[in-house]
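Dear colleague,

Please find below the structure that I am passing on to you. A summary of the findings follows it.

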Amino acid sequence: MAKTLKKWQGWLLFGGSMVVVFVLGLLVSSLMERRAEVASVFNNKRTQFTDSIVAQNEKFKADYPREYETWAMTEDTSFESKYNGSEEVDVLEQRPEMVVLWAGYAFSRHYNTPRGHKHALEDMRKILRTGNPGIDGDGDMQPATCWTCKGPDVPRMMRELSGSKSVMDPANFYAKKWSELGTEEMNTIGCSDCHDARTMDLRPARPALYEAWARVGKDVRKATHQEMRSLVCAQCHTEYYFIKPDDPNNPGKSNYLMFPQDKGMTCEAAEEYYDSIGFYDYIHPLSKTPILKAQHPGYEIALQGIHGQRGVSCADCHMPYKQEGGVKFSDHQIMSPLAKIDRTCQTCHRQDAEVLRLNVYERQEKCNEVRNRAEQELARAHFEAKYIIDKGATEADLKPIQALLRKSQWRWDYAIASHGATFHAPQEVTRLLSHSVDYAQQARLLIARIAAKQGLVGDIPVPDYSTKAKAQQAIGLDMQKLNDKKQRFLDQIVPKWIEEAKKNGKLIEI
């Protein structure tokens, strides 16, 4: 026979039930309130856009104040970590070997660590890798293709130049000179680069991504929302090249932007693709090697790491969620996850923040040890190759050496050009850099044998390239002239571009 509950036990059970019901009521009320607040954001927008691309980021501020406020914070350059940060740092000053490795290419003139998206256009204009049109009779060094990832004016202009409001044919955009669009490219990386302005759905705005996926039978439009949280980044943070103006296999596609993903998403797959079409970015003036220049393959490298393999998106770590009242939104101050460990790493990892930070630093230190060796071996190899060339080395002598140098430099560049690579995939980066060292040493051994046949006794002499200035002098750069021209361009031409854009409403000041 069941025992009868004592009177006080009944009241305790009743009271407990009331507390549970009350708490559940509060939760439901809170949930309904939050849903209402979220709904009000979308149902009471001040501006209803009819175009998918709205270049002026300021037009989104009233309806998306939280996102806009955090996006504007990408102007902040105060964050520092052990190996990088938000502040602009002269990498060539830190690593003069890179001047030698990029001899014959504009990167040997100027290469800084990246700053936040708010600085993209400013940094693009002032870098010594872009031309100085209108100064001392100079023309452009670069095509308009170089603007491609610098802001939402790019997809806008791609449509306007194609003569369509809905179809984006970028060929006419790519074919222009960089300076021809100087008065048009005014709004830095922002809302319409990643979102359809009408619905705010995630939508990459660069045709090259869609074209690359289509060539291997995939459709970007069918990607999941989680995949899109990486693809809006992948449209720019990826390896690419320009079709050369004189390419007979691609008439009418001068400087057309391409992603070399047809054979896969690894360093070796891209190399295989480039080899199959006989592509090179430049001929190294010292070793005469046809060099491949990597262009920040961040997406590809991330896919090789444990986070990418587990389906973690770029936004999960670089745009962590924030909560304000009933609204949960992505923090648009895109930056290193180490700046906000409590909202990035610790959403999955339960270790102390400092432990997690030191874990990252340890991996970066190990990658950098191998990187340092690769740069030392490669820089010396290029100078040593020049020595035997000057002494009469034949084409047959040089061919295997140049093949090894091309392989070595490609792996080094692919590993270091991807910002955050030692965080994204430290094992893959170490593998690539180790192979780079191996290929460079093989090349130096071949060079030493040829030098010995030429009568050299002892080490091959090389010039002093121990500082940025000495390295640039060693490869024949007149930096005073280059800097003077750039400064006159910034003082005389850029202000005119900005003033014209303001008059035409292309640029909004707030």
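Please note that this is a predicted model.

**Cysteines**

A search of the whole structure returned one disulfide. Its partners are Cys-149 and Cys-236, with a sulfur-to-sulfur separation of 2.4 Å. The angle about the S-S bond is -100°, which makes this link left-handed. Cys-149 belongs to the loop between helix H5 (120-126) and helix H6 (153-162), while Cys-236 belongs to the loop between H10 and strand E1 (241-242), so the bond ties together parts that lie 87 residues apart in sequence. Cys-236 is buried, because its relative accessible area of 14% falls under the 20% limit.

With 1% relative accessibility, Cys-367 counts as buried.

Lys-486 is located in helix H20 (residues 479-492). Is this lysine buried or exposed? Lys-486 counts as buried, because its relative accessibility is 3%. The side chain of Lys-486 makes a polar contact of 3.3 Å with the side chain of Asn-132. Leaving aside residues up to four places away in sequence, Lys-486 touches Arg-125, Lys-126, Ile-127, Leu-128, Thr-130, Gly-131 and Asn-132.

Arg-357 is part of helix H15 (residues 353-390) and is partly exposed, with a relative accessible area of 21%. Beyond the residues up to four places away in sequence, Arg-357 touches Leu-338 and Ile-341. The side chain of Arg-357 reaches the backbone oxygen of Leu-338 at 3.2 Å. The C-alpha atoms of Arg-357 and Lys-82 are 9.7 Å apart in space, although 275 residues separate them in sequence.

A further pair of this kind involves Glu-227, a residue of helix H10 (residues 225-234). Glu-227 counts as partly exposed, at 40% relative accessibility.

**Backbone angles**

Most residues other than glycine have a negative phi. Lys-288 has a positive phi of about 60° although it is not a glycine. Lys-288 sits in the loop between strand E3 (282-283) and strand E4 (290-291), and is partly exposed, with a relative accessible area of 41%. His-296, which is not a glycine either, has a positive phi of about 35°. The position of His-296 is in the loop between E4 and helix H12 (298-304), and its relative accessibility of 25% makes it partly exposed.

How many cavities of 30 Å³ or more does a search of the whole structure find? There is one, and the largest cavity holds about 30 Å³ of space. The lining of the largest cavity is formed by Glu-239, Pro-260, Gln-261, Gly-264, Met-265, Thr-266, Ala-270, Glu-300 and Tyr-414. By type, these lining residues divide into four nonpolar, three polar and two charged.

With kind regards

Definitions and conventions: Residues numbered from 1 in each chain as written. Predicted model: local features only at pLDDT ≥ 70, side-chain atom pairs only at ≥ 80, totals over all residues. Heavy atoms only, no water. Helix = DSSP H or I, 4+ residues; strand = E, 2+ residues; numbered from the N terminus. Buried < 20%, exposed > 50% of the residue type's maximum accessible area, 1.4 Å probe, protein only. 1 Å grid on protein atoms, 1.4 Å probe; cavity = no way out; pocket = protein on both sides within 12 Å on 5 of 7 lines; lining within 4 Å. Points joined across faces, edges and corners; volume = space filled by probe spheres on them. Nonpolar A, V, L, I, M, F, W, Y, C, P; charged D, E, K, R; others polar. Contact = heavy atoms within 4.5 Å. Polar contact = N/O pair within 3.5 Å; in protein donor to acceptor, adjacent residues only side chain to side chain. Disulfide = S-S within 2.5 Å.
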